[in-house]
Amino acid sequence: MPLPPDRLLRAYRQMKTIREFEERLHVEIQTGEIPGFTHLYSGQEAVAVGICEHLDDADWIASTHRGHGHCIAKGCDVTGMMLEIYGRRDGLCKGKGGSMHIADMSKGMLGANAIVGGGPPIAVGAAIACKARRDGKVAVAFGGDGSCNQGTVFEAMNLAVVLKAPAIFVFEDNGYSEHTGADYAVGSRDIAGRARGFGMPAETCDGSDFFAVHAAMGRALERARNGGGPSTIEAKTTRFFGHFEGDPMLYRAKDEVARHRETMDCLRIFRARVSERSLLDSAALDAVDAEVMALIDRSVAAARSAAPPTAADLLTDVYVSY
Amino acid sequence: MRQLSMRDAINEALHLEMARDPRVIVLGEDVSGGAGGTSGQRDAAGGVFGVTKGLLPKFGEDRVIDTPISESAIIGAANGAALAGMRPVAELMFADFLGVCFDQVFNQAAKFRYMFGGKTACPIVIRTATGAGMNMGAQHSQSMYALVTAVPGLKVVVPSNAYDAKGLMLTAIRDDDPVVFFEHKAIYPRKGAVPEGDYTIPFGEAALVREGEHVTVVAIGRMVSFAEKALDALAAEGITADLIDPRTLSPLDDETIYESLENTGRLVIVDESPPRCSVASDIAALVASNAFHALKAPIVQITAPHTPVPFARELERAYVPSPQSIEAAIRRLVKQ
Ligand SMILES: Cc1ncc(C[n+]2csc(CCOP(=O)(O)OP(=O)(O)O)c2C)c(N)n1
Ligand SMILES: [Mg+2]
């Protein structure tokens, strides 16, 4: 059943918001105003949004170091995120977390995670909570192709199978973990096959196609909600930037990003699909584009002028008695 | 003399020792890079900080091993290779990732020699990037050397400069015990005079970086240069200090600290880790136990607060001890 137009438009808005958020960060980072290391999600938007479109604030996700897209798709406040990335006091985590640690429990966002493989066990725990409460909610663990080589991820997958936990493992295969290709580092390169080895259903989908991801998630969700336990979704995707901002990408063919921007741009693919099928008209999409640009402009302006934390903030949110 | 960055000094030590000893292998994530990529270019990274650059083209894929993201397997495989007669240098990209592989570090590597009744050694080196100062957040900025210093069987090295880093790395690889080698990421680019060729710096021998009268300052890693800045500023007031860089935390050259205290009677310890169960508190305890008679004033520990490392620039700056906070603490102590 096709999604109703309002949900389609919302999905487009979220993908577009992620894209512009990241493209703008790519520019703003050159100013030197943004501290630390930033990993951009451009190119992978259809995965985060295709998955999270099914979820509400009471469902859970655990994210990764490349987490901005997951946060936006799960409903985190865009300006609060921007402030966090700039290290501002009114950021979503008071400037204490930064790009790699954005979290918002009120949105079911269990946190970006700078430890590869840190998230999946946490997601299984949230799934156990859902199961215990019988609230019909699920937990999603996002991870990259690289993360599926981490023992903690295997432990989480097996535990979820054993407990029939309503957990969904989403692996975004963007071809690389840092400077190393997935065809080198992921033996067999068959992440779904690994998941099946643990005894859960798994499917591979085109991560540049919102509709393919969305459909796969629909099946996984139905199974999880009906007590059928975990599933895995392996989404084939690409990243439009380096591993982190400043990565010279010596490991990638020179024209690869340009080619992928031509052929694997999930926003373009989405627009083509919805107009082909007359699901949304292009004026509505253009209006969303304009709204999103204005939102990103406002967020950056707000982040730039926002106050930094003060030295007193250093000692809050932790038990200190000495 | 020739000036090299700490990064290049460690790189040179690895080159030298791999050329000298065919048992030395290097393994870790992206230690070369480009494997399986679409450019066909290997050595595309040489480690995320460039410390292992150029090793793959020289020594080949059997000895320079790019691994998947699997810290337990990296350290475990280094342990196994060591038991089987190699001298592995494993890279743990960030010291925080000790959290992922701690079993292989403290239950396995640390125990073999003793637990097997001296039948084997475990000559591995775990090289890892440590410390705050680059706004990398709570999971990429910690100073975790106290954790491993607490484990019998492990040796722990924290170089503060390029010269020491090279000499200590050569010692580390030749040492028969497992060595955790903490490289402060904020001082990788800092240059210093580094001789060409082979030289070693023994473990358990502190460096007396400066000699002075009024106070003994013990500083670890990056904090050594911060302490030097503080002492530069205090020189105008006539305050001088013995500045001691332990260089290795295990074994620890505590004797040099006691000897200095016989002259100065006052001790300041600077450590960028949180204060509890830290190397600073450990040195303070040793001094209180073994050199109490020499102390004219309470020991001062300058550390990070008991919090995770914050992200924002303003917070991280407030978190890490600064030359100014060190200067103020020394002045207060000396004028007491
Ligand atoms: C335990 C751990 N090991 C290594 C790293 C360093 N690191 C950060 S991201 C990354 C690559 C992750 O690759 P993948 O899972 O494919 O995610 P992608 O970056 O492609 O989104 C690595 C090695 C880390 N953060 N945590
Ligand atoms: Mg990847």
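A polar side-chain atom of A:Asn174 lies 2.8 Å from an oxygen atom of ligand 1. The model in which this contact occurs is predicted. Ligand 1 is surrounded by residues from chains A and B, so its site is shared between the chains. The two chains bury about 3,500 Å² between them, and a search of the whole structure finds zero disulfides over all chains.

**Ligand 1 and its surroundings**

- The shell around ligand 1 consists of 22 residues, and the closest are A:His65, A:Arg66, A:Ala114, A:Asn174 and B:Glu71.
- By class, this shell comprises eight nonpolar, nine polar and five charged residues.
- On the chain A side, a polar side-chain atom of A:His243 is placed 3.5 Å from an oxygen atom of ligand 1.
- Ligand 1 has 580 Å² of accessible area on its own, and the protein covers 97% of that area.

**Interface between chains A and B**

- The size of an interface is often expressed as the accessible area lost when the parts come together.
- Of the area of about 3,500 Å² buried between chain B and chain A, 62% is on carbon and sulfur atoms.
- The contact draws on 50 residues from chain A and 40 residues from chain B.
- Within chain B, the residues that lose the most area to chain A are B:Ile69, B:Phe311 and B:Leu315, which together account for 20% of what that side buries.

**Cysteines**

- A:Cys52 is buried, with a relative accessible area of 3%.
- A:Cys76 is also buried, with a relative accessible area of 4%.

Notes:
Residues numbered from 1 in each chain as written. Chains lettered and ligands numbered in written order. Predicted model: local features only at pLDDT ≥ 70, side-chain atom pairs only at ≥ 80, totals over all residues. Heavy atoms only, no water. Near = heavy atom within 4 Å. Polar contact = N/O pair within 3.5 Å; in protein donor to acceptor, adjacent residues only side chain to side chain. Areas by Shrake-Rupley, 256 points an atom, 1.4 Å probe, with all protein chains shown as cover. Nonpolar A, V, L, I, M, F, W, Y, C, P; charged D, E, K, R; others polar. Disulfide = S-S within 2.5 Å. Buried < 20%, exposed > 50% of the residue type's maximum accessible area, 1.4 Å probe, protein only. Contact = heavy atoms within 4.5 Å. Buried area = accessible area lost by both parts, 1.4 Å probe.
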